[in-house]
Amino acid sequence: MSKVLIVAEHLDGKLNPSTARCVTCAKSFDAESIDIVVLCAAPDAVAAQAAQIAGVNKVLTVANAANAHALAQVWAPQVAQLASGYTHVLGPSTTFGKDLMPCIAALLGVAQVSDIMAVDGAHAFKRPIYAGNAIISVTAPADKTLVATVRTASWPAAGDGGSAGIESASVSATLPTHTRFVGLKQGKSDRPDLQSASKVVSGGRALGSSEAFSIIYSLADKLGAGVGASRAAVDAGYVPSDLQVGQTGKIISPELYIAIGISGAIQHLTGIKDAGTIVAINKDGDAPIFEIADFGLVGDLFQIVPELEKALG
Ligand SMILES: Cc1cc2nc3c(=O)[nH]c(=O)nc-3n(C[C@H](O)[C@H](O)[C@H](O)COP(=O)(O)OP(=O)(O)OC[C@H]3O[C@@H](n4cnc5c(N)ncnc54)[C@H](O)[C@@H]3O)c2cc1C
């Protein structure tokens, strides 16, 4: 039977929903136990949130000033040591997990399985390749600890209602000093977080400037939606790169995705494959985005978007 350890992603005392998505993935292993480890300078608040996730048996905390920031090189030796009692160690396929999990895998001498999107057995998985154009079945050796990232867009977050015990874990791993925290630069916004928003409005190259992109923000605010962008819009400097949706941006699964002035390149579509309803606004009726859109509006976005916003009142 599988014993799964999930590394909690958190920032500023808040557990990221990606952790609860990993729990849902872990449940499909038919696991004997699912534990979460919280590495932090002061882990109590985050551990309390993790303990509420339904299906979690135990939350381990590793309190250490060195864990104040999620430095993969510092966290990895600690998780690798804790991994000894587990068959599986999981993290989300967010920037956090993509940074940390390969370091853990390397320390354990195993190959990492990336982007689990479906589970066929305790060591058999499906994952997307070629920007999501093909799905490959992967079988990992059953006699080794399995280290993997979970494709968060493929798994709904496990609900609350759990009451897992919280234990402090003692870790004696030597922590490297060659990597230190310098600073965190991130966009500050009151809008819903792009990766967990239930509605997202995205703009593309067609917006033409950062000033014109304001109509995307304005529509998003009317809808209470997060804001995304195509890579072309990011590369042109209309918006910061943390808004990029797609293969080299964020993979998201909102209930509603509105693509405005976005052509629908395969690398963009990779990021929205799991979206519920997709609405596209584009002046070119042959734009590839319409092939996957549930609703399409053909016309000039600079006319349609203000009208839409007006209609919303
Ligand atoms: C390795 C690699 C990774 C990549 N990763 C990503 C990624 O993560 N995310 C991503 O988005 N892209 C990614 N790309 C880039 C991708 O291939 C496209 O170039 C990009 O998505 C195009 O962005 P766009 O749709 O905004 O621009 P365009 O393709 O130029 O499309 C603009 C669209 O706006 C429409 N339009 C123009 N004016 C108006 C108007 N007034 N009203 C309505 N519609 C209008 C046009 O008809 C057109 O369809 C990647 C590329 C590579 C090679």
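Q: Is T19 buried or exposed?
A: Please keep in mind throughout that this is a predicted model. Burial is judged by relative accessible area, and a residue counts as buried under 20%. T19 has a relative accessible area of 0%, so T19 is buried. The residue is placed in helix 1. Leaving aside residues up to four places away in sequence, T19 touches I6, A8, E9 and I36.

Q: Which residues of the largest nonpolar core touch the most other members?
A: A nonpolar core is read as a set of buried residues joined through their side chains. Here the largest such core has 33 residues, and those that touch the most other members are I6, I36, V38, I53, V59, L90 and I116. At least two core residues come from each of strand 1 (3–7), helix 1 (18–27), strand 4 (33–40), helix 2 (44–51), strand 7 (113–116) and strand 11 (146–150). Helix 1 gives the largest share, five residues. Another core lies apart from this one; it has 24 residues, including L5, L60, L82 and F96.

Q: What does I53 touch, not counting residues up to four places away in sequence?
A: The contacts of I53 are L15, A20, V23, I36, A158, G159, D160 and G162.

Q: What is the strand order of the open sheet of three strands?
A: A sheet is read from the pairing of its strands. In this sheet the order is 8-9-10, and the pairing is antiparallel. Strand 8 (118–121) and strand 10 (134–139) are the edge strands, each pairing on one side only. On average, neighbouring strands are turned by 30° against each other, with direction ignored.

Q: How many bridges join strand 9 to strand 10?
A: Strand 9 (residues 124–129) and strand 10 run antiparallel and are joined by six bridges. As one point of reference, P128 stands opposite I135 in strand 10.

Q: How much space lies in the largest cavity?
A: Rolling a probe the size of a water molecule over the atoms shows where empty space is left. In this structure there is one cavity of 30 Å³ or more. The largest cavity holds about 120 Å³ of space. It is lined by 13 residues, of which N16, S18, R21, T152 and Q195 are the closest to its centre.

Q: Which residues are the closest to the centre of the second largest pocket?
A: A pocket, unlike a cavity, is open. The second largest pocket contains about 260 Å³ of space. Among its 19 lining residues, S230, R231, A232, S263 and A265 are the closest to its centre. Helix 6 (231–235) and helix 7 (266–269) are the elements that give two or more residues to this lining.

Q: Where is I304 found, and what does I304 touch?
A: I304 is found in helix 9 (residues 301–311). Its relative accessibility is 15%, and therefore I304 counts as buried. Apart from residues up to four places away in sequence, I304 touches I281, L297, V298 and G299.

Terms used: Residues numbered from 1 in each chain as written. Predicted model: local features only at pLDDT ≥ 70, side-chain atom pairs only at ≥ 80, totals over all residues. Heavy atoms only, no water. Core = buried A, V, L, I, M, F, W, Y, C linked by side-chain atoms within 4.5 Å. Buried < 20%, exposed > 50% of the residue type's maximum accessible area, 1.4 Å probe, protein only. Helix = DSSP H or I, 4+ residues; strand = E, 2+ residues; numbered from the N terminus. Contact = heavy atoms within 4.5 Å. Pairing = 2+ DSSP bridges. Axes fitted to C-alpha atoms, helices over the stretch in contact; angles between N-to-C directions. 1 Å grid on protein atoms, 1.4 Å probe; cavity = no way out; pocket = protein on both sides within 12 Å on 5 of 7 lines; lining within 4 Å. Points joined across faces, edges and corners; volume = space filled by probe spheres on them.
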